[in-house]
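Got the sequence and the 3D view open? Let's take a short tour together, starting with the whole chain and then zooming in on a few spots.

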Amino acid sequence: MDKILEGLVSSSHPLPLKRVIVRKVVESAEHWLDEAQCEAMFDLTTRLILEGQDPFQRQVGHQVLEAYARYHRPEFESFFNKTFVLGLLQQGYHSLDRKDVAILDYIHNGLKLIMSCPSVLDLFSLLQVEVLRMVCERPEPQLCARLSDLLTDFVQCIPKGKLSITFCQQLVRTIGHFQCVSTQEKKLREYVSQVTKVSNLLQNIWKAEPSTLLPSLQEVFASISSTEIDASFEPSVALASLVQHIPLQMITVLIRSLTTDPNVKDASMTQALCRMIDWLSWPLAQHVDTWVIALLKGLAAVQKFTILIDVTLLKIELVFNRLWFPLVRPGALTVLSHMLLSFQHSPEAFHLIVPHVVNLVHSFKSDGLPSSTTFLVQLTELIHCMMYHYSGFPDLYEPILEAIKDFPKPSEEKIKLILSQSAWTSQSNSLASCLSRLSGKSETGKTGLINLGNTCYMNSVIQALFMATDFRRQVLSLNLNGCNSLMKKLQHLFAFLAHTQREAYAPRIFFEASRPPWFTPRSQQDCSEYLRFLLDRLHEEEKILKVQSSHKLSESLGCSETSLQEVANKAAVLTETPCTSDGEKTLIEKMFGGKLRTHICCLNCRSTSQKVEAFTDLSLAFCPSSSMENLSFQDPASSPSTQDGGLMQASVPGPSKEPGVCNPSTAAFACYSAVNERMVDSPDEFRCTEDTSVPNDSSKMLVNKDVPQKPGGETTSSVTDLLNYFLAPEILTGDNQYYCENCASLQNAEKTMQITEEPEYLILTLLRFSYDQKYHVRRKILDNVSLPLVLELPVKRTTSFSSLSESWSLDVDFTDISENLAKKLKPSGTEEACSPKLVPYLLSSVVVHSGVSSESGHYYSYARNITGTESSYQMCHQPETLALASSQSHLLGRDSPSAVTEQDLENKEMSKEWFLFNDSRVTFTSFQSVQKITSRFPKDTAYVLLYKKQNSTNGLSGNNSTTGLWVNGDPPLQKELMDAITKDNKLYLQEQELNARARALQAASASCSFRPNGFDDNDPPGSCGPTGGGGGGGFNTVGRLVF
């Protein structure tokens, strides 16, 4: 049969005929053959495979060999023996050289055919020795890639024990000798593919035997740091392919070892760093820029400035030229930015690239690609920073300014911050800055909060308050040394969120101190209820501390009972008569406190009564609709009773002494158990009492309520609609008639509410949780609500509060627990002489609830930085305003302005302005994501909104510019806080080092994977819990590798 086959393949018969006969030969393999015939067939097929003159002969050889080896396994095992394989590897085959890739391919296929035979073990032992010999001979990339394929499929052929370390070291040296002289794209792609196979082999060995990793890295450094003069050898850039397989967690240990090793000379370090920068040209290497910057920062930390200067001047132009190539552009820009921004003692480095900037900018502007535009925005910011730092060269800079005039220019404060953080002298000896991409903060620079077990309700609220810039600055600027108050703990938490290097901080101390007593640990709670309790505690605490300070009780540890009673009495007086002077207000009153005037006019005798009350948030009910037909009243958990000290939630004013106004079941449910926990008793007028004379038929409250229609028949409500509904005049009739003392009887009356003093931060709670009396459950209203970026709040200020007592002028106390569901819209019979002033507010943060019940689900928040004095940019958005006149006819007769369009947002919204805080995860997002969250995920609905009053000023304005002590607008931390943060940061770095050392010494069997920390808008945020919703470290940081 072998003679037939040999004659056939060399004949001149047509190819189709040859294929038919070859098929017959393959089929004949099933028949019995003696050993000599089998050996002859194996010889022939081997010769066809290795020395075939054309692809057809080689293909026939493979087909026939596989068929005969399968049916005659013992004969093939005898043929493909240890001596035969060793001869192929050391001597080649006839005219075929031993280094020909066909030899390795043949052996690779042969191993597959005898894999189940006992003799394969002898071949494995042979190959463990031979592959080490082959690697030491520095094979070419193609042969080395084929060897990597063989070793990947047959790991048993990889040298074991000490030989595995030697094998890895020699393989590193072999990669260092790789070269590709061709400039053709096809050849270059093949070369990159071959190098990738070899580096993947090394990665697999490192994972299987971690003890081989460190010696391999030492060999890499030895190759690139060599200073021996040898014009014929320059370490290959292909070594860059190994960088992506080195665990980033080892960066601290390795950089510290390199920069502090006395045996590493400056010349060797300079050479190594220069060659690492050359690696930026390797197209598929990941994290090269991270390691280069880490080494630069490490050298700065040990003050080896000579190396940094030499390397920067040698390589800055090469790095800049890499910006032309898309594949390596991101890494090159990162390294370029660090090199330029840290080189602050001389303009020499910057001026080396100045002549090339204009051409680069014009080229990228002309191609019009989005990626090019994004790149130019980043490059422009860098150029502005450098021209700001090295001013005084108009002849050099004017062409550049003309070229980049269409791109945004960073503010002076931002430039100063960037420069101050980038200087060599700002690098810590602890190498903290080397871990900027490892220590969390993701790319946003923000810190997450670890979920301690269903504490997302607290985390979302804390992040919203932290992003309230003016409030944060006020808290951080307080002098609370020696005080153990809740405000001190909040200051501590804010300081850590701003300055910790951790990716997420665990707020255990603050949680235990701020958790309402009736909140069950590790169970989901209402974030709105928590926010009210927190603000109330902070407000009451500050009042008591002020009284203590006035009596100098804080200086005396042995206070008598009499003095303590004085404090309590004075605090109670302050509670009953809220301050109107800004100097006497608490911080909570200054930031979140507003005033609401309620006015009732008897429609029979026209006598009036009114009352002005303080509020910290407005609870907005939904207009009655088909979705609320079975809902009798708003869930009191979402609209709790009045807070102490005159700070109330506007949806629930004080107690009622009038029949027909207050639902007793609601009143009883709304009263918190926290009443007994409060430090100072609330005045009687703010206590929630039960009136058994009130009819318990709340369903009638909805019957007489007219539903305001939205223009155009829209089905989606907006915050505008809900606030209109909240402030709309209400006719008290039927069971809700008003007892008029002048008439001495129940009368129909008109009740109106007006905001007389606006807060700095307006908190709006959407009452989404309602009680279903039929089924006795709390249901969630899942209606979508559009959120305007700009809100105009109608405020009708009074000229003097002296004429308005903080209680009813006719000694009538009024409460309407279900006022938002019981109003009846009816045009007022009188017109106010003057219209309210419209105060603009900017949307600052949104707390979202994901789920269908307040007892379950998950909270997360969207937020952005808004300071007291926003730029004119903010008002360029088309606002959805609240145009509310005091008269009913104006309110209903006015068309609702159009909402912000998506196109406006795309064109005008600043990039990376919004953040998504999801427990320990913090990511960039957009206002479009905020607007679309409910439409995309129906169970995710906006719940608590925070608006910042625009163009307002506060007591802190001006400090940052005049003293220069405030970084990015935030006040400098007190020494106690700074010491605590520094101590924790050092502890965190030590933890990182210990983990890196442990991972380097232990088996790292887990595969290398890239897990981004972004919130994917295509997936809902998930559930809440110790590991869900980003809690407990269940998610990895952007840029981190799990090894």
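What follows is a quick briefing on this predicted model.

**The whole chain**
- The chain has 1043 residues, and buried residues make up 56% of them.
- If you like counting secondary structure, there are 37 helices and 23 strands here.
- Take the contacts with a separation of 6 or more: 80% of them come from residues 24 or more positions apart.

**Two helices that pack**
- Two packed helices are described by the angle between their axes and the distance between the axes.
- Find helix H8, which covers residues 120-136, and helix H10, which covers residues 162-176: they pack at an angle of about 30°, and their axes are 9 Å apart.
- Because angles under 35 degrees count as roughly parallel, H8 is described as roughly parallel to H10.
- The crossing of these two helices, H8 and H10, is left-handed.
- On the H8 side, the residues that make the contact are Val131, Leu132, Val135 and Cys136.
- Facing them from H10 are Leu163, Thr166, Phe167, Gln170, Leu171 and Thr174.
- Sort the residues of this H8 and H10 contact by type and you get seven nonpolar, three polar and no charged.

**Cysteines**

- Look for Asp940 in strand E21, which runs over residues 940-949.
- Is Asp940 buried or exposed? With a relative accessible area of 2%, Asp940 is buried.
- Asp940 and Ser850 sit 90 residues apart in sequence, yet their C-alpha atoms are 4.1 Å apart in space.

**Positive phi in loops**
- His94 isn't a glycine, but its phi is positive, near 55°.
- Where is His94 found? You'll see His94 in the loop between helix H6 (82-91) and helix H7 (101-113).
- His94 counts as exposed because its relative accessibility is 61%, and the cut-off is over 50%.
- Ala744 is another residue other than glycine with a positive phi, this one near 60°.
- To spot Ala744, check the loop between strand E9 (738-740) and strand E10 (745-747).

Technical notes: Residues are numbered from 1 along each chain as its sequence is written. This is a predicted model: local features need pLDDT of at least 70, side-chain atom pairs count only at pLDDT 80 or more; totals for chains, interfaces and linings use all residues. Side-chain values use heavy atoms; hydrogens and water are left out. Axes are lines fitted to C-alpha atoms, for helices over the stretch in contact, and angles run from 0 to 180 degrees between N-to-C directions. Helices (H or I, at least four residues) and strands (E, at least two) are DSSP runs, numbered from the N terminus. Angles under 35 degrees count as roughly parallel, over 145 as roughly antiparallel, 65 to 115 as roughly perpendicular and the rest as oblique. A crossing is left-handed if the near helix is turned anticlockwise from the far one by less than a right angle, and right-handed if clockwise. Contact means heavy atoms within 4.5 Å. Ala, Val, Leu, Ile, Met, Phe, Trp, Tyr, Cys and Pro count as nonpolar, Asp, Glu, Lys and Arg as charged, and the others, Gly among them, as polar. Buried means under 20% relative accessible area, exposed over 50%, partly exposed in between (1.4 Å probe, protein chains only).
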